[in-house]
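Please keep the sequence and the model in view while reading.

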Amino acid sequence: MDVCRRPLKPSIPHNHHQKRPTPSSDAAKASDALPLPLNITNCFFFTLFFFVAYYLLDRWRDKIRTSTPLHILTFYELAAILSLIASFIYLLGFFGIDFVQSFISRYSHDVWELENDEEQIFIRDGDCSIHCPASSLITSKPKSMDIPVTPLPLKDDEELVKSVVSGDIPSYSLESKLGDCFKAASIRREALQRLTGRSLEGLPLEGFDYKSILGQCCEMPVGYVQIPVGIAGPLLLNGCEYSVPMATTEGCLVASTNRGCKAIFASGGATSVLLRDGMTRAPVVRFASAKRATELKFFLEDPLNFDTLTVVFNKSSRYARLQGIQCAIAGKNLYIRFSCSTGDAMGMNMVSKGVQNVLDFLQNDFPEMDVIGISGNFCSDKKPAAVNWIEGRGKSVVCEAVINGEVVAKVLKTTVSALVELNMLKNLTGSAVAGSLGGFNAHAANIVSAIFLATGQDPAQNVESSHCITMMEAVNNGRDLHVSVTMPSIEVGTVGGGTQLASQSACLNLLGVKGANKESPGSNSQLLATIVAGSVLAGELSLMSAIAAGQLVKSHMKYNRSSRDVTKLG
């Protein structure tokens, strides 16, 4: 019988098969030089390391409480530091180096085995054994290593869709199982159409980077919504011109804001000032008695304790800087409103981490404190609240301009006196009659929402970001109009969240505020807030003029009405 014989292997030197020294044997040889057995020595240095570490941390906490400088050391503290260093060096020598050696040894052993395996793997071909290198049998890794991949058995798209419909494969796990975000969205989309019996035709699928939103912006995507982006401007603000991107489906909005920008530009521009910048988070904690809750309140509001709390809070981020703490009592429940700067990020996650650090620290002195929630609505996030209207949240901005009387007549098609009267009766009196909270304006939310969508902000934070009071007053003997908007809680960022998506990033770049400002952290998000306020000023000016001139209905009928026959739309 003919047999396909395996090619002869090259001769291997005998020393390749000799037993290699192991890291444990190296450690054993090193231990021979010690005066005590190895296990006793290790136990001693382990105990010494953790004992002095605990002692130094305890001393550090006491120094913070008593406002003692940390660099002033006693003899015992100095001895503890030296002991900590000595024990660390010992443990590193016996365990760190041992780990590295074992890793290197294991790697060398694996390479050796792989070399042998390449010569020993065969594929059966009839009655013959055919030599085949192992490398040709190893499948390549996925190109994208950002997605943890749990490979599925090879299935075509139809089988995958059926598996999702039947529930054998959870829809939310498609990205991790397939390793392809676009394919996952496509499979999920088709399964959804079959489950609901409804078509998603018209909802785009292709042309979007689904990997960019994975674990960041949206879960279980099936497509994306198209929102047109218009440009209002140039907005002349603080001597600089800005072309303002606005994503909206409301006709007339961009055109109206653009007219307001034109009036401001023709009158010499607007001035915007940042009043304060601080994101807030307010956990709610509970005690067994109101008396104990008030003790924590007094402790937190004591200026002598602020520096200590600042150190604890600020360690969560290189940008988070605690600014203040405001407390409110409701029975035995305490609401603690922390305010901090957050650089160019909107900052909700950043401030939340700092708050958690402080809560953990307070547990040492108030062990009975029960943390009910990291957010107790005294923040207050995504809800209209008087605390935001009065104290501010995010960026507080005031923006003003003096509009020349001739511009009011030629561009805005109205008069100064008509605008002043309308503002008094509509924005101020009318809003008061309605019991409005922060809504003393014509349509600030329109402009804020459009800019938020275009620049990747959180749309839900339009609620408090649109808090605005619009003031109008005749100046220069009644010839000109002074107009201003005061917005105490504009919550924006230029890093994180939706700002990292390609379209939104492009709009931020158009405004010159893309990403973080490395030279002056926080200045990009602050500039964006002033641009939002300036755009609101333009929008208020134009809409109020349209109402005063009786043009609102006419303009909306012209620009906000579709000419398509809706009865023929499928």
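The points below concern a predicted model and are grouped by topic.

**Nonpolar cores**

- The largest nonpolar core contains 52 residues, and those with the most contacts inside it are Met246, Ile403 and Val536.
- Helix 17 (residues 523–548) supplies the largest share of this core, eleven residues.
- Beyond its neighbours within four places in sequence, Met246 is in contact with several residues, including Pro228, Leu253, Ile447 and Ala454.
- A second, separate core has 29 residues, among them Leu309, Ala320, Val351 and Met369.

- Lys183 and Asp157 form a salt bridge with an N to O distance of 3.4 Å. Lys183 lies in helix 6 (residues 181–196) and Asp157 in helix 4 (residues 157–166), 26 residues apart.
- Arg393 pairs with Asp381 in a salt bridge, their closest N and O atoms being 3.0 Å apart. Arg393 is buried, with a relative accessible area of 0%, and Asp381 is buried as well, at 12%.
- Lys382 forms a salt bridge with Asp458, with the closest N and O atoms 2.9 Å apart. This pair links the loop between strand 9 and helix 11 to the loop between helix 14 (444–455) and helix 15 (462–465), 76 residues apart. Lys382 is partly exposed at 35% relative accessibility, and Asp458 is partly exposed at 25%.

Conventions
Residues are numbered from 1 along each chain as its sequence is written. This is a predicted model: local features need pLDDT of at least 70, side-chain atom pairs count only at pLDDT 80 or more; totals for chains, interfaces and linings use all residues. Side-chain values use heavy atoms; hydrogens and water are left out. A nonpolar core is a set of buried Ala, Val, Leu, Ile, Met, Phe, Trp, Tyr and Cys residues joined through side-chain atoms within 4.5 Å. Buried means under 20% relative accessible area, exposed over 50%, partly exposed in between (1.4 Å probe, protein chains only). Helices (H or I, at least four residues) and strands (E, at least two) are DSSP runs, numbered from the N terminus. Contact means heavy atoms within 4.5 Å. A salt bridge is a side-chain nitrogen of Lys or Arg within 4 Å of a carboxyl oxygen of Asp or Glu.
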